[in-house]
Amino acid sequence: MLHTFSIGELGRRLSAKEISSVELTRHFLARIERLNPTLNALITLTADQALAAAGKADARRAAGEQGPLLGIPLIHKDIFCTDGVRTSCGSRMLDNFVAPYDATVVARLKADGAVMLGKANMDEFAMGSSNETSYYGPVKNPWDTTKVPGGSSGGSAAATAARLAPFATGTDTGGSIRQPAALTGVTGVKPTYGRVSRFGLVAFASSLDQAGVFARSAADAALVLQSMAGFDPRDSTSIDEPVPDYSATLDAPLAGLKIGLLREFFDGLEARNAALIHDALKIYRQLGATTVEVSLPNLPMSVPTYYVVAPAECSSNLSRFDGVRYGYRCENPKDLLDLYTRSRGEGFGAEVKRRIMTGTYVLSAGYFDAYYLKAQKVRRLITNDFRAAFKQADLLIGPTTPTPAFAIGAKIDDPVTMYLNEIYTIGANLAGLPGLSLPCGYVDSLPMGLQLIGPHFSEAKLLNAAHRFQEATDWHRQAPRGYE
Amino acid sequence: MADWEVVIGLEIHAQLATQSKIFSGSATAYGAPPNTQADLVDLAYPGVLPVLNAQAVRMAVKFGLSIGAEVARHSVFARKNYFYPDLPKGYQISQYELPVVKHGKLTVTLDDGAVKTIGITRAHLEEDAGKSLHEGLAHASGIDLNRAGTPLLEIVSEPDMRSAKEAVAYMKKIHTLVRYLEICDGNMQEGSFRCDANVSVRPRGREKFGTRAEIKNLNSFRFVEKAIHYEVARQVELLESGGTVVQETRLYDSDKDETRAMRSKEEANDYRYFPDPDLLPVEIDDTFIEAVRATLPELPDEKAARFARDFGLSAYDAGVLSASRELGAYFEAVVAAAGVGHAKLAANWVMGELSSALNRDNVEIAVSRVTPTQLGALLERIVDQTISGKIAKEVFEAMWSEGKSADAIIEAKGLKQITDSSAIDSVIDAVIAANPKQLADYRSGKDKLFGFFVGQVMKATQGKANPAQLNELLKRKLGGAA
């Protein structure tokens, strides 16, 4: 039963001493032991540390301390450095890498008493939309284990959907929180770029990466984001902007809210998907919102733009994995070049190599202007489109993904088809905007996501809009069969 | 040999004297055991991020203001991508298209007194790499990342220099300047100040530059001069024998006194520069610039001009005495003690006895064993004729080794000059009486013997006789006066 409660409810019970964090932690560890072998959602289980942390949380509660996350278990995406615990990034390259420090996100949640159960599986270095590029094998979608959970934060999404933890962290570079949240029927929040520190988050594409949260409701996500968000002097791109009380405005009325329908999102949208979005809009209208059609003419260029910018940054970010100081090193290198080429050749998987090569190409002399510079210009145009749209609408609404979860193996050999999974999510990353995906129904018995995108630092508004929707619906309360 | 014109541009790397590295909190002290000054950022651990050291920016701006350059309101850090074990991230953070300082200039005075203005294209901030250690390890190379992330200011000149001497004069001037500004310790042995020289030749009168070679990592003024000489001779010989110069990077081998090819343009890396997304652009406003301007010291040229004007020094002396802030300060303190009217005497002593003692014992002027006040007091004794200039040198040596004041040494050693005419007279009388033959010879026309008598009197008085008085009295006595 404990796994069905919201974070708020768990907090009340912990506070009332009805349960202890140690009990709660044992409960989730037992679920993980039973269910994870099927799902493969976790790479590393940290049971001993978790129980020790839970004991500490209980002691803090006993000493009179309160706090919404004090003693609440979670799972961290294996892209966040965790002191003394392997941080693999889903790669053979870091299979042996034990981080010597905590990422800021990890440290903040730890300070608030959240209890890490383990590290979640993910696409290798967050490069993928299906969790099939992981060195540790694909994650199964709890709604249908022949299907992918999405990616790159597929382990975090599947674990949250399967109730292996009340919440999980993730990162979103081109949709890596929102897309798997949609495909597993959970609520995923990608904050404004700069809202949450990137320090200790192993970089994929620095100008796009943003840490966020998976939870089963907007109300839970608000509690978690409250802990994660805030300025960090160790991340020069984090922004020193006050963090509002996200829970305080969850119930604010939506009367007068102007919702923008992105024309580009509905062009060619499959009918059953479109119907779910329109059903959702009906609910918003009932809640007092009005809708207006808006257009982002440059949005169709977002996928090609992203697949220049992200690989360019990744090709440079991943240069540090050279077999010299940490991580995978090939056997018996015969000289320096051999050390580099074999360590990287053997340590990285195919998708990572593809993006490193693409990125190296677009930054090369003679191609830089045509690709990288052009992509940066288009990125600016897309950002301007969003800015203009937010003059007409408070929030933008559309689908999170074009289709529900697809079969494991269906797209892995066709990168371009795979990349198109992120067609609706990439825009927010390019513009640095916050986005949120929440469950809004089913296609082929698989969950679909409704995506909300807001102006910079509008997380409170997004959570409010999502929460009011969840008060009026129960999509988010539904669990995959066998995981209730 | 046809008439060739040499064209030189220098890229000087000055290590900025910040307490910590440019993007991490690690210390920058020289000579620590390997890898003890490298934190997770310097080691490029997964997930770490750079944070710019504001002090490094202040220092770069200070330099920019000192050469009358434009300080960029908006500059950008870029990544220079290449693989090397001493470059932990696989890229160096540098500034590429938008440097923090651009379009400055510097005036240098050459040995023949000619003055030349050298353009400075730009100065940008970047991080240093670590270093590879190949000695003492049997089957491996070691890497020391203590230096990785040390802030550097790369100062790029226009190709304005026309000889090795001009290049050295320019480099020395920059060396003086960065130490004046206290932004670099200038220590060339430790690599805090080094340069790459771009060298080409062209037939005199032709406008188009010849193909250049870049000589890397020159860490002494002498090597700069010798490497350029070698390179110019090599290029001229190549061209005169019908060959062509190829654009390449060369290394100067000081043991063999030659430059050798490292890599050609074709083999050169494609560094794939792009703006570093981990760092925001550096935005500098007027308030920042004015705050830095307020910390500018009197610059070397200004100080030299003031010394020449206020103290009546020659341009050469003024230049020497303003070559470092410490030397200038010492000199001024001596003048203050001895009096402005004796500035020339002070200049001679600081550049002469003091400098040679400092050099001989390898002592920094800031911790000189003879303080400026003490030296000033010694000069006062010359001025008031208590001792002669010659005796003063003896007193100075005693001050240097014993650390006592001039007066104490004069007193203890009885070096006070004899200015009592009757005392000098009696010595002269004794000397004349003891040397009748020389007296006769002198009186019969051997004027040169005058020096002999001076020497005898000085010997008898241990050099203490006032020289002017002695001359006058001796002339009279030898001429037959009573």
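**View 1. Strand E5(A) and its partners.** Strand E5 (residues 187-190) of chain A pairs in the antiparallel sense with strand E6 (residues 211-215) of chain A over 3 bridges; two strands pair if DSSP finds at least two bridges between them. This is a predicted model, in which local features need pLDDT of at least 70, side-chain atom pairs count only at pLDDT 80 or more, and totals for chains, interfaces and linings use all residues. Residues are numbered from 1 along each chain as its sequence is written, and chains are lettered from A and ligands numbered from 1 in the order in which they are written. Helices (H or I, at least four residues) and strands (E, at least two) are DSSP runs, numbered from the N terminus. E5(A) also pairs with strand E10 (residues 435-443) of chain A, in the antiparallel sense and over 3 bridges. Val189(A) has Val213(A) as its bridge partner in E6(A) and stands opposite Leu436(A) in E10(A).

**View 2. Helices H14(B) and H15(B).** Helix H14 (residues 449-460) and helix H15 (residues 467-478) of chain B pack with their axes 11 Å apart, at an angle of about 120°. Axes are lines fitted to C-alpha atoms, for helices over the stretch in contact, and angles run from 0 to 180 degrees between N-to-C directions. Phe450(B), Phe453(B), Val454(B) and Val457(B) in H14(B) meet Leu470(B), Leu474(B) and Leu478(B) in H15(B) (contact: C-beta atoms, placed from the backbone, within 7 Å).

**View 3. The contact of chain A with chain B.** Chain A gives 34 residues and chain B 23 residues to the contact. On the side of chain A that touches chain B, helix H10 (302-317), helix H11 (336-347) and helix H12 (350-363) each supply at least two residues. The largest share, 3 residues, comes from H10(A).

Conventions
Contact = placed C-beta atoms within 7 Å. Buried ≥ 20, exposed ≤ 12 C-beta atoms within 10 Å, placed from the backbone.
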